Amino acid sequence: MKNKAKPLIAVTLGDITGIGPEILVKVVVEGIPDNCRLLVVGDEQVLRSSFDALDAPFNLPVFHRIDEIATSGAPVAVLDLPQGSTELLALARPHSEAGRMAAEALVKAVGLAAEGQVAGVVYGPLVKETLYIGKRKYNDETQILREVLQAPEMKSVAKVGKVFRVTIAEHVPLRKVPDLITPQSVLNAIELLHEALLFYGAPSLRIAVAALNPHAGEGGMVGREEIDQITPAIQEARAKGIDASGPIPADTVYVRAFKGQFDGVVNMYHDQANIALKMAGFGEIVVLFVRSPVIITTPSHGPAYGKAGKGTADPNNLRAAIEVAAFLAQRK
Amino acid sequence: MSEEYKPLLAITMGDAAGSGPEIITKALTDPEVRAVCLPVVVGDAAAMQAALEITGAPGEIRVIEKLSAALFRDSIIEVIDLHNIRLDRLTRGRVDPMAGKAAYEYIKLATEMTLAGECDAMVTSAINKEALNKAGYHYDGHTQLLAELCGASNVAMMLVSGKLRVSHVTTHVSLFRAIELVRPERILTVLRLTDEAVRQMGVAEPHIAVAGLNPHSGEGGLFGDEEMRYITPAIEEVRRQGLNVTGPLPPDSVFLRTSEGQFDAAIAMYHDQGHIAVKMLGITHGVNVTLGLPIIRTSVDHGTNFGKAGKGTADPTSLIEAIKLAGVMCLNRRRLSNSD
């Protein structure tokens with residue numbers, strides 16, 4: 001494929017106090033996925049400093065206006081978004097100004113996608129606690145995206161290797177989880193996952209629904225949510241033609257999914273999914289958005305402040321996110 | 001201490017309709033097993049004889065009336081015969097109250113023998129909970145049954161798989177109930193039991209990690225406060241008592257770190273938290289250890305494997321590891337008590 005025929009994917013640095021800039025430089029230096037071109041949307045000076053920090057020569061074409069880029073066939077280019085604040089690089093802790101920069105770059109990149117100037121967006125790792133636009137604080141990036149794109153139904157789905165994942169009660173106290181498991185919430189999650197599999201063009205659409213209680217409640221002996229909430233949702237999904245199975249004991253659902261028995265897993269809570277995925281050694285988890293007018297993906301990890309500035313951060317998750325965005329752009 | 005010391009282990013036959021008897025014939029004819037212990041099967045001699053014929057393991061069955069009659073010759077599988085299986089009525093691979101009742105009787109006798117000090121530890125094969133219940137024994141599994149037989153009120157389940165040792169603060173209760181049971185006193189108990197067990201497993205100065213209950217360990221109260229209210233105070237208390245304990249740590253990384261050798265054991269707050277981690281390791285020879293009993297008890301970590309019963313193909317690795325671990329624990333218990 002000639003460079004100009006490859007989809008142009010906008011990439012942001014994320015929170016520059018974390019590992020975002022470092023992993024982006026590594027992706028560029030080590031070679032970007034060959035199914036796309038990249039447009040880095042961010043501050044040129046911050047980017048130059050990030051290359052310097054890794055002793056990598058900076059030789060990317062830098063543009064100040066998006067229409068200049070159309071004529072460039074460069075595999076990687078920069079759209080300068082002057083923001084200053086290079087001193088925040090690898091600060092290794094949340095900083096409101098860095099959060100503001102990250103949110104601004106995200107809004108800029110998503111705007112370009114909405115205008116059709118880029119084919120998709122990959123944003124670098126962010127933290128919720130510093131997501132400001134102007135003085136307004138946002139709960140998370142999904143809130144920003146929904147607002148900017150006027151797409152209130154947008155939702156994120158994770159892709160872990162070949163397996164897609166939706167979690168019903170993610171960042172909430174565990175004690176609140178049982179109340180959030182209802183036939184409606186379970187059905188919504190199954191439908192979202194089904195939609196994500198279709199969106200991605202997955203060859204099969206087999207969905208596993210994890211149980212909430214140990215041994216899937218053991219016929220009601222150790223919890224009734226499986227009987228009262230989860231099973232009715234599975235039955236309803238099946239009546240709608242979705243290939244959903246379960247409830248499946250949480251300690252075997254990913255063992256089975258990774259053996260190829262399922263294409264997607266609905267999880268009830270955060271650690272049900274995350275313990276399994278970390279134990280399986282999956283570094284490459286990509287978050288992608290469905291019900292969105294533009295293609296958006298991001299690596300699943302945060303800014304990893306503990307690793308900031310050490311040069312040891314692993315760029316593979318970001319590279320995978322770029323690959324998925326490009327794949328989706330080509331499918332469109 | 002004599003290097004020749006070999007602990008005497010009572011090995012229960014488990015559910016006769018499952019793969020337990022076949023697995024035992026393989027494990028007890030393994031030279032590595034014979035090198036570390038003196039095993040006696042508590043079971044049914046006819047069922048063991050049939051299993052031996054199925055597997056073709058290189059040994060023979062010998063019935064003994066009591067432990068003192070055991071010869072412990074390498075190729076002889078000695079069985080204390082409870083004579084409670086009618087082979088002509090047994091269908092392998094099917095739930096059978098006769099096998100459930102028999103399995104209960106093996107556990108009861110082996111527990112009594114171990115409590116009396118006639119043997120040093122017990123190692124249990126898989127039982128079928130449904131068969132047990134249909135036979136009129138209403139327990140949720142080995143752990144509850146053993147606790148009752150031993151009169152122990154504070155027990156905990158530890159799974160051992162490779163380098164990963166995980167003790168559970170709660171096990172067979174609903175997630176909702178588990179959250180209510182995560183309280184300092186219980187966490188303290190499980191921490192102390194774990195420290196003691198890990199020492200018996202040969203670690204001189206155990207470093208134990210404690211998982212949080214909530215995502216990201218509560219993230220400073222944002223996603224739940226059980227860490228601050230219950231888990232941290234318990235950790236601080238055991239530290240004052242001299243235990244080396246770290247936590248609460250985010251549940252989604254603590255077990256991985258432990259499996260990589262960063263900690264000697266991890267404490268899980270609820271069943272799936274620990275079990276997801278262990279099962280994802282993909283190791284087929286995990287061992288289940290009951291902590292808090294007055295005796296040492298290890299077990300296979302798999303079920304009765306009805307699908308393989310009668311075929312001679314069931315994998316004995318988990319039982320072999322359970323026997324070896326019981327042997328190591330007996331050895332260290334002896335060494336630690338001698339050094340007191």
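Helix axes here are lines fitted to C-alpha atoms over the stretch in contact, and the angles between them run from 0 to 180 degrees between N-to-C directions. With that in mind, the axes of helix 10 (residues 270-279) of chain A and helix 11 of chain B come within 8 Å and cross at roughly 25°. The model described in this briefing is a predicted one. The points below take up the contact between the chains, then helix pairs inside each chain, the nonpolar core, and some individual residues.

**Where chain A and chain B meet**

- Chain B contributes 25 residues to the contact between the chains, and chain A likewise contributes 25 residues.
- On the side of chain B that touches chain A, the elements giving two or more residues are helix 7 (175-181), helix 10 (251-259) and helix 11 (271-281) of chain B, and helix 11 of chain B supplies the largest share, with nine residues.
- That side of chain B is made up of 14 nonpolar, eight polar and three charged residues.
- Because angles under 35 degrees count as roughly parallel, helix 10 of chain A and helix 11 of chain B, crossing at roughly 25°, are roughly parallel to each other.
- Helix 10 of chain A passes helix 11 of chain B in a right-handed crossing, and the contact is made by A:Asp271, A:Gln272, A:Ile275, A:Ala276 and A:Met279 from helix 10 of chain A, together with B:Asp272, B:Gln273, B:Ile276, B:Ala277, B:Met280 and B:Leu281 from helix 11 of chain B.

**Helix pairs within one chain**

- Two packed helices are described by the angle between their axes and the distance between the axes.
- In chain A, the axes of helix 1 (residues 20-30) and helix 2 (residues 44-53) come within 9 Å and cross at roughly 70°, which makes helix 1 of chain A roughly perpendicular to helix 2 of chain A.
- A:Pro21, A:Glu22 and A:Val25 of helix 1 of chain A meet A:Val46, A:Leu47, A:Ser50 and A:Phe51 of helix 2 of chain A in this contact, whose residues divide into five nonpolar, one polar and one charged.
- In chain B, the axes of helix 4 (residues 97-115) and helix 6 (residues 142-150) come within 10 Å and cross at roughly 45°, so that helix 4 of chain B and helix 6 of chain B are oblique to each other.
- Helix 4 of chain B passes helix 6 of chain B in a right-handed crossing, with B:Ile107, B:Lys108, B:Thr111 and B:Leu115 of helix 4 of chain B in contact with B:Leu145, B:Leu146, B:Leu149 and B:Cys150 of helix 6 of chain B.
- The residues of this chain B contact divide into six nonpolar, one polar and one charged.

**The largest nonpolar core**

- The largest nonpolar core has 221 residues, and those with the most contacts inside it are A:Ile9, A:Val121, A:Ile190, A:Leu193, A:Val209, A:Val266 and A:Ile322.
- Helix 4 (residues 96-114) of chain A gives the most to this core, with 10 residues.
- Beyond its neighbours within four places in sequence, A:Ile9 is in contact with residues including A:Cys36, A:Leu38, A:Val118, A:Gly120, A:Ile322 and A:Ala329.

**Individual residues and their surroundings**

- B:Pro316 is found in the loop between strand 12 (296-300) and helix 12 (317-339) of chain B, and B:Pro316 counts as buried because it has 23 C-beta neighbours inside 10 Å.
- Leaving out residues up to four places away in sequence, B:Pro316 touches B:Ile23, B:Lys26 and B:Ala27.
- A:Asp52 has its place in helix 2 of chain A and, with 14 C-beta neighbours inside 10 Å, counts as partly exposed.
- A:Asp52 and A:Val25 are 27 residues apart in sequence and 9.8 Å apart in space, C-alpha to C-alpha.

**Backbone features**

- The peptide bond from A:Gly246 to A:Pro247 is cis, with omega near -5°, and A:Pro247 is found in strand 11 (residues 244-248) of chain A.
- In chain B, a cis peptide bond joins B:Gly247 and B:Pro248, with omega about -5°, and B:Pro248 lies in strand 9 (residues 244-249) of chain B.
- B:His83, in the loop between strand 4 (76-81) and helix 4 of chain B, is a residue other than glycine with a positive phi, near 50°, and B:His83 counts as exposed, having 12 C-beta neighbours inside 10 Å.
- B:His216 has a positive phi of about 55° although it is not a glycine, and B:His216, with 20 C-beta neighbours inside 10 Å, counts as buried.

Technical notes: Residues are numbered from 1 along each chain as its sequence is written. Chains are lettered from A and ligands numbered from 1 in the order in which they are written. This is a predicted model: local features need pLDDT of at least 70, side-chain atom pairs count only at pLDDT 80 or more; totals for chains, interfaces and linings use all residues. A nonpolar core is a set of buried Ala, Val, Leu, Ile, Met, Phe, Trp, Tyr and Cys residues joined through C-beta atoms within 7 Å. Helices (H or I, at least four residues) and strands (E, at least two) are DSSP runs, numbered from the N terminus. Two residues are in contact if their C-beta atoms, placed from the backbone, lie within 7 Å. Angles under 35 degrees count as roughly parallel, over 145 as roughly antiparallel, 65 to 115 as roughly perpendicular and the rest as oblique. A crossing is left-handed if the near helix is turned anticlockwise from the far one by less than a right angle, and right-handed if clockwise. Ala, Val, Leu, Ile, Met, Phe, Trp, Tyr, Cys and Pro count as nonpolar, Asp, Glu, Lys and Arg as charged, and the others, Gly among them, as polar.
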